[in-house]
Amino acid sequence: MPLILQTTLPFAPWMDPRTNRLPGVLPLEGDDWLRVDEAFAAQMAERNRLIREVPDLVHALLPQGVAAAQELYRRVLARLATEAGYAVGADAVQRPDGVSIPLDLSQPLLTLGRLVQEDLCLLDSVGGEHVLTGAILCFPASWTLAQKIGRPLSDIHIPVPSYDGGIARRVQRMFDAIRPEQPLWRANALLYDDPTLFQPRREGVPRPRPVEKTYLRSERQCLLRLPETRAVVFTIHTWVLRRSDLPQDAEAAVLALHP
């Protein structure tokens, strides 16, 4: 399988004191929660392949998440109608790479997964916590959707050592406070030897420690509140690039990241 890589990273979270520790969340400026980058065509081809060949591994939607998924579907289409390179029609959308994707409201997340580079997760407030009720997750970084669907944030992050009780409470307060008019964003970064985008891993199975540390994997994650269903949308845009493609100061600093 050919490598799917970017050559530039728009933001280095380990270089900014606002974002180099958890939760590292900042207000999102404007409507910038969906992006098209240099790897669009290659990433979308891989998303198409995964959705076609292993849909049960990359998609889940609980009954209580359907209304939110349909609201997100409508919102994404409205957003793409203003995005350069997209042509939104009544029955299909032409992507910037020229591929036409049929529209299907009965499969909202599967359709959106073939339209945008971002993975999309839906979280609904249930009993004082936000629960994962639906997702299209083509590029998991060491987690498995089937293990996380239907679980609250506190359970989802159990394998993350730095996600302790204090961080969990701060994150839950943040989720409760998200306003539709003010989305949020954060970014992470980890070093890998394997640049594969689809890297599911079950709880208790550690991510292999990188030896060469050849690749940097960074996720830009946005959080927005849907105004009708009040669900929170968690978007994940994934960059994978060679560490050597980073600016010299960023490359030197990134080696201090936990493997």
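Two strands pair if DSSP finds at least two bridges between them. Helices (H or I, at least four residues) and strands (E, at least two) are DSSP runs, numbered from the N terminus. The model on screen is predicted: local features need pLDDT of at least 70, side-chain atom pairs count only at pLDDT 80 or more, and totals for chains, interfaces and linings use all residues. Residues are numbered from 1 along each chain as its sequence is written, and side-chain values use heavy atoms, with hydrogens and water left out.

Select β6 (119–126). β6 pairs with β11 in the antiparallel sense over 5 bridges; Leu120 has Thr235 of β11 as its bridge partner. β6 also pairs with β7 (residues 129–136), antiparallel over 7 bridges, and there Asp124 is the bridge partner of Val131. Now pick Gly127: it lies in the turn of the β6–β7 hairpin, which has 2 residues between the strands, and has a positive phi of about 60°.

Six of the 8 residues of β6 are buried, so it is largely enclosed by the rest of the structure. Buried means under 20% relative accessible area, exposed over 50%, partly exposed in between (1.4 Å probe, protein chains only).

Next, select Leu72. Leaving aside neighbours within four places in sequence, Leu72 is in contact (heavy atoms within 4.5 Å) with residues including Trp33, Leu120 and Val233.

Finally, select β3 (87–88) and β5 (100–102), the edges of an open sheet with the order β3-β4-β5. Each has a single partner strand, so one side of each is left without a neighbour in the sheet. Val88 has Val93 in β4 as its bridge partner.
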